[in-house]
Amino acid sequence: MLDVVLSFAVILVVFLVLPLIVGQTEHKVMAHMQSRLGPMYAGGFHGWAQLIADGVKFAQKEDVVPAAADRRIFMIAPGVALVPYLLVLIAIPLDRGLVAVDLDLGLFFVLAVMGVGVLGAIMAGWASANKYSVLGGMRSAAQLMAYELPLVLAASSVAMAAGTLSLPGIVEAWQWWWLPWQAVGGIVFFVAGLAELRRPPFDMPIAESEIIMGPMTEYTGMRFALFMLSEYVGIVVLSFLTTVLFLGGWHGPFLPGWLWTLVKVFALAFVVIWLRVTYPRLREDQLQKLAWAGLVPLALVQLALTGVVKVLI
């Protein structure tokens, strides 16, 4: 019982701390890349208190529920968007033997639960009684349907290569030559994961210039902050899964295994931020075309290549 309690305590600390670090990093990286001065002043040296200032700002805002909204659904939507990512972290290994719950069907579990998290945005859009929010929710649903398929296909190629659906088992089976072998699947998985998180350049459901803030238009205060937190937790979860499935997890020379995992996770999180700063938002038709005409065929090719290699070896 003590081991279980300690494992869940560690997962909770990771869940609370790593997304805040990623959020602070995003402020600083965007400040440097886009010459933003504001995030560099809060608190003095290098704007160290910017994240604290944001938290205080959200806490001070009034909690408003629109009169015409479906009040119950409106209120629980931020939790639906956030909590599934906590459940996903339970099954992701940080090091050999360092995982809260080693599930035999761990990969199936995390992919299924990640899909539930996207439903929070759909619920928020439908319950807000706002045409912009409804449009954002519909775009979220379309995006989920388009990018869930290449995400699952890319992950399936790794499971086929390892011969197991257990996440620690996949890392144990990983070899260095999997990097070129599974490279296409890794890119497809990462891009599809970004689209499911609605991160730029795949942020059509919350396109400020078109539909204000999409499903989050009517949200204020801490409920809006929970949606923002779910985005950063999603970045952490996507980086962890990409690391575990395609980059060998804890494998690496000289450094402890858990440190290698964190180094790879933060490197991928930096790439996520970099893509936000670099690329413009896709149009809705371009978004769908990339999924169905680009990522799905590539994922199928990766799956076929994995099958051929498994037969030959």
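This report describes the nonpolar cores, aromatic pairs, salt bridges and surface patch of a predicted model.

**Nonpolar cores**

The largest nonpolar core has 66 residues, and those with the most contacts inside it are Leu 107, Tyr 147, Leu 167, Phe 189, Phe 240 and Leu 245. Helix 10 supplies the largest share of this core, with eleven residues. The surroundings of Phe 189 give a picture of the packing: once its neighbours within four places in sequence are left aside, Phe 189 is in contact with Leu 111, Leu 151, Ala 154, Ala 155, Leu 238, Leu 241, Thr 242, Leu 245 and Phe 246. Among these contacts, Leu 245 is also listed with the residues that have the most contacts inside the core. A second core of 16 residues is separate, and Ala 127, Met 213, Phe 224 and Ala 225 are included in it.

Helix 4, which spans residues 106-127, also holds Gly 125, a residue that counts as buried because its relative accessibility is 0%. Not counting residues up to four places away in sequence, Gly 125 touches Asn 130, Ser 133, Val 134 and Pro 215. The C-alpha atom of Gly 125 is separated by 6.2 Å from that of Gly 136, although the two glycines are eleven residues apart along the chain.

**Aromatic pairs**

A pair of aromatic rings is described by the distance of the centres and the angle of the planes. The structure holds eight aromatic pairs, including a stacked one formed by Phe 74 and Tyr 219, with 4.0 Å centre to centre and 5 degrees between the planes. Phe 74 lies in helix 3 (residues 71-90) and Tyr 219 in the loop between helix 9 (208-211) and helix 10 (221-246), so this pair ties together parts that are 145 residues apart in sequence. Both Phe 74 and Tyr 219 are buried, and together with Phe 227 they form one aromatic cluster.

Trp 178 and Trp 181 form an edge-to-face pair, with 5.6 Å centre to centre and 90 degrees between the planes. These two residues both lie in helix 7 (residues 178-181), three residues apart, which is about one turn of the helix. Trp 178 counts as buried at 4% relative accessibility, and Trp 181 is likewise buried, with a relative accessible area of 8%.

**Salt bridges**

Side chains of opposite charge can pair when their charged atoms come close. A search of the whole structure finds eight salt bridges, and the table lists some of them.

| Salt bridge | N to O distance |
|---|---|
| Glu 26 and Arg 199 | 2.5 Å |
| Arg 283 and Asp 285 | 2.9 Å |
| Glu 284 and Arg 139 | 4.0 Å |

Glu 26 is buried, with a relative accessible area of 2%, and Arg 199 counts as buried at 0% relative accessibility. Both residues belong to a network of salt bridges in which Glu 26, Arg 199, Glu 231 and Arg 276 are linked.

The salt bridge between Glu 284 and Arg 139 has its closest N and O atoms 4.0 Å apart. This pair also links distant parts of the chain, with Glu 284 in helix 12 (residues 284-312) and Arg 139 in helix 5 (residues 131-162), 145 residues apart. Glu 284 is partly exposed, with a relative accessible area of 22%. In the salt bridge of Arg 283 with Asp 285, Arg 283 is partly exposed at a relative accessible area of 48%, and Asp 285 is partly exposed at 45%.

**Surface patch**

On the surface, Leu 12, Val 13, Leu 16, Val 17, Ile 21 and Phe 266 form a nonpolar patch, with about 480 Å² of accessible area together. Helix 1 (residues 2-33) gives the most to this patch, with five residues, while Phe 266 lies in helix 11 (residues 257-278). Phe 266 counts as partly exposed because its relative accessibility is 30%.

Terms used: Residues are numbered from 1 along each chain as its sequence is written. This is a predicted model: local features need pLDDT of at least 70, side-chain atom pairs count only at pLDDT 80 or more; totals for chains, interfaces and linings use all residues. Side-chain values use heavy atoms; hydrogens and water are left out. Patches are made of residues with over 30% relative accessible area and no salt bridge: like charges are joined within 9 Å, nonpolar side chains (Val, Leu, Ile, Met, Phe, Trp, Tyr) within 5 Å. Accessible areas come from the Shrake-Rupley method with a 1.4 Å probe; for residues, only the protein chains shown count as cover. A salt bridge is a side-chain nitrogen of Lys or Arg within 4 Å of a carboxyl oxygen of Asp or Glu. Helices (H or I, at least four residues) and strands (E, at least two) are DSSP runs, numbered from the N terminus. Buried means under 20% relative accessible area, exposed over 50%, partly exposed in between (1.4 Å probe, protein chains only). Rings of Phe, Tyr and Trp (its six-membered ring) pair if their centres lie within 6.5 Å; planes under 30 degrees apart count as stacked, over 60 as edge-to-face and the rest as tilted. A nonpolar core is a set of buried Ala, Val, Leu, Ile, Met, Phe, Trp, Tyr and Cys residues joined through side-chain atoms within 4.5 Å. Contact means heavy atoms within 4.5 Å.
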